[in-house]
Amino acid sequence: MRPSSYVTTLAGIAVVSVVVPAALYRPVPAAATTHRAVTYAKDVAPILQQKCQECHQPGSIAPMSLLTYEDAVDVAPQIEQQVSARRMPPWHIDKTVGIQEFKNDRSLTDEQIQTIVDWVNDGTPLGNPADLPPPRKFPDPNRWQLADTFGPPDLIIRSTPYTLAAHTQDKWYRPIVETGLTEPRWVRAIEVKPVRPADRKIVHHALAYLLQDEPHVTGLASTAHDHQMNAGLFMEWAVGKTGQVFAPDAGKLMLPGSRIRWEIHYHAIGQEFANSQVELAVYFYPTGFVPKHRTVLTMFNVARNSELDIPPNEKTITQNFYVLQAPARLENFQPHMHMRGTAMSLEAIYPDGRKQVINAVRNFQWNWHVNYIYAAAAAPLLPKGTTLVFTAWHDNTAANKNNPDPNQWVGWGDRTVDEMAHNWIDVTYLEQAEFDSLLAARKKQGMNAGALER
Ligand code: HEC
């Protein structure tokens, strides 16, 4: 689908209070009066197998299982509601604007949603049991998922154990751990998870910073050096995210003697968790392999100077702008907000003034930090001098079901009841000549996505 543009106010005002249209997502229309007969066995079970069961099975991360017909009938109204609001499966990107080709797309098609809605409205018929697909076999949901692609991780680094009391304020735990590396290695993929699946309930997010002695960061495009003065952030993890796989021509460099500084945000839930640990798996490129580019994980803060002003019972829009100092490829889109966050968009203003929406999330769910990873052929290629416009929407009214207290003033802060607004993007800076040839190659293939040129 071709990305289309919509208008955003580009007032040079960081925070303005406005009324945001109520329709933040497009609900599926009520069931048509006539549609083909839909049964669980033939139509619904294959969808649940493909798009839901990985999480909705005993021992995985969802609250209930959806492995059997009885399971699905038990929660049929909730299923209808969640899928037609496009809250489940967790894939909250606006499908009507921007790039739609992703490596990790787990969304339902409009037809699949309609099938589920029709099935619930028809009274959840089983149909002919002979039509049931054979049960799907799942690997351990708590395994290293990228090991399916790359084999077992080359290096696993664990945070030191931390015990979280049953009732306490949010905690930030920041241990420093040696990587034990004795030679420089380039990283092709990283994965992070709590060691015990149950700890996903208390680990809101985890940051892993790479500490290493580097007088000057090597491996960046020549005009991009001012973007990054140290190795910086290695990996960010939040509920709903799995791993990060770098493009085949890009990676991160780890040096001998490097250490990981963890920053783990724990959130108590009324039950003690003893010796909680988070672990990081690193998958290396073969020894001696040097990828062309060094990827930089960047926090694009939408809140200028980390300031937000969200009055009680109001909705706000916040914007910030970044000008690319070098041609760049964006590898992913990952909005980060808390309980009042409802939407975030990224637009590009090209050096010649044209504007284009790259992506938008319109029904942001604070407990789902989905990382939307672009397919290789669709990752936006943006010329030097492009302005990235980030817009964040917060809803501090009672209409926001996630809002714990609409009568509180809310500002920027670490706790989940405070707010944030930023986007974690892996940026690959390119030399001009390479950018030109990548763009030319895409045009030759008649591709619209990515370069967003027309
Ligand atoms: C990536 C994992 C994952 C996938 C895939 C997923 N779910 Fe969920 N689901 C969860 C988790 C975790 C929760 C509880 C937290 C929440 O509601 O966001 C949940 C909650 C729900 C709920 C709400 C339960 C309640 O308390 O009312 C429903 C209904 C649901 N899922 C249905 C589905 C259906 C149907 C699919 C597939 C079309 C699906 N989910 C796919 C993880 C997942």
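Which residues in helix 3 meet which residues in helix 4?

**Before you start.** This is a predicted model, where local features need pLDDT of at least 70, side-chain atom pairs count only at pLDDT 80 or more, and totals for chains, interfaces and linings use all residues. Numbering runs from 1 along each chain as its sequence is written.

**Whole chain.** Show everything. The chain holds six helices and 27 strands. Helices (H or I, at least four residues) and strands (E, at least two) are DSSP runs, numbered from the N terminus. Of the 454 residues in the chain, 39% are buried (20 or more other C-beta atoms, placed from the backbone, lie within 10 Å of the residue's own). Take the contacts with a separation of 6 or more: 85% of them join residues 24 or more positions apart. A contact here puts two C-beta atoms, placed from the backbone, within 7 Å.

**Helix 3 against helix 4.** Select residues 76–84 for helix 3 and residues 110–121 for helix 4. Their axes come within 9 Å and cross at roughly 150°, which means helix 3 is roughly antiparallel to helix 4. Axes are lines fitted to C-alpha atoms, for helices over the stretch in contact, and angles run from 0 to 180 degrees between N-to-C directions. Roughly antiparallel covers angles over 145 degrees; under 35 is roughly parallel, 65 to 115 roughly perpendicular, and the rest oblique.

Now the answer. From helix 3 come A76, P77, I79, E80, V83 and S84; they meet I113, I116, V117 and V120 of helix 4. This contact divides into eight nonpolar residues, one polar and one charged. Nonpolar means Ala, Val, Leu, Ile, Met, Phe, Trp, Tyr, Cys and Pro; charged means Asp, Glu, Lys and Arg; the others, Gly among them, are polar.

**Helix 1 against helix 4.** Pick Y40, D43, V44 and I47 in helix 1; they meet Q112, T115, I116 and W119 in helix 4.

**The ligand.** Finish here. Select the 19 residues that surround the ligand, with C52, C55, A62, M88 and P89 the closest. Each has its C-beta atom, placed from the backbone, within 6 Å of the molecule. Helix 3 returns: it gives the most to this shell, with four residues. Colour the shell by type to see twelve nonpolar, four polar and three charged residues.

Conventions. Buried ≥ 20, exposed ≤ 12 C-beta atoms within 10 Å, placed from the backbone.
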